[in-house]
Amino acid sequence: MLIRLLLLFTVILWGSTFVATKVLLPYISPAELLGLRMLIGLPILGGIVFARKAKFDFSRSEWVSLMIGSAILTAHFLIQITGLKYTTATNTGWIISVTPLILAVISYLFLKEKLDRGVVVGIGVATLGVLLLFSKGDFGSIGWLKSTGDWLILVSAHTWAIYTAVIRTVTRTKDPLAVTFAVLFPTFVLMVGYLVWHNQWQVYLELPLDAVVSLLLLAVLATALAQWFWQMGVAKIGAAKSGIFLYLEPLSATAMGVAYLGEPFGIFTAVGGLMVLAGVYLAERKK
């Protein structure tokens, strides 16, 4: 019961990160946000890794995969944070949900894994859902094609899927906590270096309370503790059962985006979001 509560807490927290990011973006740039998140969060995650005695027994080829994965992950964070400047946390939560379907296509194209009928149908349904989210039902206008934020979030779903494919073999055979720390550490070095070079510490010290709380949520809870809780859940009840909880992430993002940020939530957002979830469910139900 405790493990399931921790998983529930984790996915609700991950959904709220989109809202926290929106709160911070008026005050700092995407690169600064990522740098501060790493500066605060990674040492805490490192403490958890040390306390649990995670083993970094990677081979040379595995280290290469982890470093490539880290570069992709850094790009992913920056693209997603930038996208959130121009779209809502609600849309972000729903669009990100298509990541498993993108991963299925990538695996088919590059890893020669099969696509069964359920996956194809799921991709079709989810694609229609994403188009509804982008256009709000107004397909006749070309304005929705200029939704920079939505397109960047969709790109970030692809970068996360590519990142997952690159490090998948390592995560299946090595300690997931060690893998997480290893791929985040180069991001930490790069982005903290950017903060030192940028030298805007006075601005960071003058952030308002809601921005500070949002930063701590992103760094301490989402980067450090949530990663630990998720790995505990996967270890105790398995990846498949843990994955079911991810269906709640866009619901969390929507609830907090509407309640805290006052974001709009119309019929096309509801229908589009449900179609995305239905598509992911159709593609993954056999798994």
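Colleague: Which residues is Thr10 in contact with, leaving aside its neighbours within four places in sequence?

Modeller: This is a predicted model. In it, Thr10 is in contact with Ala226, Phe229 and Trp230. Contact here means heavy atoms within 4.5 Å. Thr10 itself lies in helix α1, residues 2–24.

Colleague: Why is Thr10 called buried?

Modeller: Its relative accessible area is 0%. Buried means under 20%. Thr10 therefore counts as buried.

Colleague: What makes Leu8 partly exposed?

Modeller: Leu8 also lies in helix α1. Its relative accessibility is 31%.

Colleague: Which residues make the nonpolar surface patch?

Modeller: Met1, Leu5, Leu8, Ile12, Leu248 and Leu251 make it, with an area of about 540 Å². Helix α1 gives the most, with 3 residues.

Colleague: Is Val19 buried or exposed, and how do you know?

Modeller: Val19, in helix α1, has a relative accessible area of 3%. The cut-off for buried is under 20%, so Val19 is buried.

Colleague: What does Val19 touch, not counting residues up to four places away in sequence?

Modeller: Ala89, Ala253, Met256, Gly257, Tyr260 and Leu261. Val19 and Ala255 are 236 residues apart in sequence, with their C-alpha atoms 9.9 Å apart in space.

Colleague: How does the reach of helix α6 compare with the expected span?

Modeller: Helix α6 covers residues 117–135, 19 residues in number. From first C-alpha to last it reaches 27 Å, close to the 27 Å expected at 1.5 Å a residue. At its start, a side-chain oxygen of Asp116 comes within 3.1 Å of the backbone nitrogen of Gly118. Just after α6, Lys136 has a positive phi of about 55°.

Colleague: What do the buried residues of α6 pack against?

Modeller: Helices α4, α5, α7 and α13. The buried residues of α6 include Val119, Gly122, Ala126 and Leu133.

Colleague: What makes the phi of Lys53 worth a remark?

Modeller: Most residues other than glycine have a negative phi. Lys53 is not a glycine, yet its phi is positive, about 55°. Lys53 is found in the loop between α2 and α3. At 69% relative accessibility against a cut-off of over 50%, Lys53 counts as exposed.

Colleague: And where does Asn199 lie?

Modeller: In the loop between α8 and α9. Asn199 has a positive phi near 55°. Its relative accessibility is 52%, and exposed means over 50%, so Asn199 is exposed.

Colleague: Why is the pair of Glu62 and Lys174 called a salt bridge?

Modeller: Their side chains meet at 3.9 Å, N to O. The limit is within 4 Å, so the pair qualifies. The pair links distant parts of the chain: Glu62 in helix α3 and Lys174 in the loop between α7 and α8, 112 residues apart. Glu62 is at 14% relative accessibility, under the 20% cut-off, so it counts as buried.

Colleague: What is the distance between the closest N and O atoms of Lys174 and Asp57?

Modeller: They are 4.0 Å apart, and Lys174 forms a salt bridge with Asp57. Asp57 is partly exposed, with a relative accessible area of 45%.

Colleague: How many salt bridges does the count come to?

Modeller: The count is 2. Shared partners join Asp57, Glu62 and Lys174 into one network.

Definitions and conventions
Residues numbered from 1 in each chain as written. Predicted model: local features only at pLDDT ≥ 70, side-chain atom pairs only at ≥ 80, totals over all residues. Heavy atoms only, no water. Helix = DSSP H or I, 4+ residues; strand = E, 2+ residues; numbered from the N terminus. Buried < 20%, exposed > 50% of the residue type's maximum accessible area, 1.4 Å probe, protein only. Patch = residues over 30% accessible without salt bridge, like charges linked within 9 Å, V, L, I, M, F, W, Y side chains within 5 Å. Areas by Shrake-Rupley, 256 points an atom, 1.4 Å probe, with all protein chains shown as cover. Expected span 1.5 Å × (residues − 1). Polar contact = N/O pair within 3.5 Å; in protein donor to acceptor, adjacent residues only side chain to side chain.
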